[in-house]
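Keep the sequence and the structure in view.

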Amino acid sequence: MAFLQLFHNPQIPFDGAITGGLQDGKIIIVTGRVLPGADSICTRDSLETSVITERTILLTVNGCHLMDYKHRIPFNTVDTISVGGKVEVFTIQSSFMPAFPLQPGFPYPGFPPAMPTVPYKGVISGGLHPGRTIIIQGIVSPNASRFHVNLDFHNGTALHYNPRFHENTVVRNTRVGEQLGSEERSGGMPFHRGQPFTLIICCEADMFRIVVNGDQTHDYKHRYTPLQQVDTLEISGDVSLTSVLL
Ligand code: GAL
């Protein structure tokens with residue numbers, strides 16, 4: 001998916017320009033969490049995910065189709081997204097779906113995107129670089145023992161991020177060839193059995209900054225620095241996925 005625009009941790013209420021305005025095939029993805037006591041949230045142009053088509057705005061929440069909303073005004077006059085209410089927002093991003101033929105009615109071929117399956121493997125095109133953000137949404141299995149998220153290069157893993165439920169901790173490590181490094185285990189355990197989560201891994205110049213459900217829970221200083229060689233995301237273990245944005 002071609003990435004166009006990203007707002008990080010915007011202050012709510014939020015108003016932001018949609019670069020190029022709404023266009024046929026544009027997707028707007030808002031990730032965040034509803035705060036306690038909320039009775040409603042409104043996003044004037046999107047809820048969680050909107051795909052704009054010639055006829056409708058297709059709304060999905062947590063990867064599931066919620067409703068179609070027929071355009072009442074020419075959609076190409078819409079140039080701003082607003083988000084308000086008792087909600088914490090991690091990211092707002094817009095991108096384009098790959099081209100697909102429009103047909104009357106829903107679903108359209110190729111939409112909604114298939115739910116990612118576990119074990120998951122995805123290519124990070126061009127590899128990592130500072131500023132690159134990976135967003136993973138999923139649900140921990142009810143009887144989970146462990147799962148992991150790996151950022152891999154050709155013969156190793158730059159970041160092994162491994163929530164372990166029996167140990168109530170997240171183990172982080174790096175592997176080069178057969179050689180595992182020393183584990184990092186400090187920080188909290190933000191994952192819970194049976195619960196949904198949003199995991200954001202921000203690649204920065206010196207470290208990975210890791211945000212879970214809006215809290216920065218861990219950081220991990222780079223041990224493998226040819227970042228552009230880190231080109232594969234792999235997720236495995238006791239988890240299901242609702243969306244992965246690379
Ligand atoms: C090992 C475990 C591996 C990996 C590693 C992290 O004990 O077998 O799967 O999690 O710890 O250091």
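Start with strand β9, residues 87–96. β9 gives the most to the lining of the largest cavity, with 3 residues. The model is a predicted one. Strand β1, residues 2–8, also supplies at least two residues of that lining.

How many cavities of 30 Å³ or more does the whole structure hold? The search finds 1. About 40 Å³ of space lies in the largest cavity. Its lining consists of Gln 5, Phe 7, Ile 18, Ile 28, Ile 81, Ile 92, Gln 93 and Ser 94. By class, 5 of the lining residues are nonpolar and 3 are polar. None is charged.

Now turn to the ligand. Which residues surround it? They are Arg 146, His 160, Asn 162, Arg 164, Val 171, Asn 173, Leu 180 and Glu 183. Two strands, β13 (156–164) and β14 (169–176), each supply at least two residues of this shell. The largest share comes from β13, with 3 residues. Here the classes divide into 2 nonpolar, 3 polar and 3 charged.

Look next at the side chains facing ligand oxygen atoms. In Glu 183, a side-chain N or O atom is 2.6 Å from an oxygen atom of the ligand. For Arg 146, the distance from a side-chain N or O atom to a ligand oxygen is 3.1 Å. For Asn 162, the corresponding distance is 3.2 Å. Taken alone, the ligand exposes 310 Å². The protein buries 61% of that area.

Methods
Residues are numbered from 1 along each chain as its sequence is written. This is a predicted model: local features need pLDDT of at least 70, side-chain atom pairs count only at pLDDT 80 or more; totals for chains, interfaces and linings use all residues. Side-chain values use heavy atoms; hydrogens and water are left out. On a 1 Å grid over the protein atoms alone, a cavity is a set of points where a 1.4 Å probe fits but cannot get out, and a pocket is an open set with protein on both sides within 12 Å along at least five of seven lines; lining residues have an atom within 4 Å of a point. Grid points are joined across faces, edges and corners, and a volume is the space filled by probe spheres set on the points. Helices (H or I, at least four residues) and strands (E, at least two) are DSSP runs, numbered from the N terminus. Ala, Val, Leu, Ile, Met, Phe, Trp, Tyr, Cys and Pro count as nonpolar, Asp, Glu, Lys and Arg as charged, and the others, Gly among them, as polar. A residue is near a molecule or strand if one of its heavy atoms lies within 4 Å of it. A polar contact is a pair of N or O atoms within 3.5 Å; within protein, one must be able to donate a hydrogen and the other to accept it, and residues adjacent in sequence count only if both atoms are side-chain atoms. Accessible areas come from the Shrake-Rupley method with a 1.4 Å probe; for residues, only the protein chains shown count as cover.
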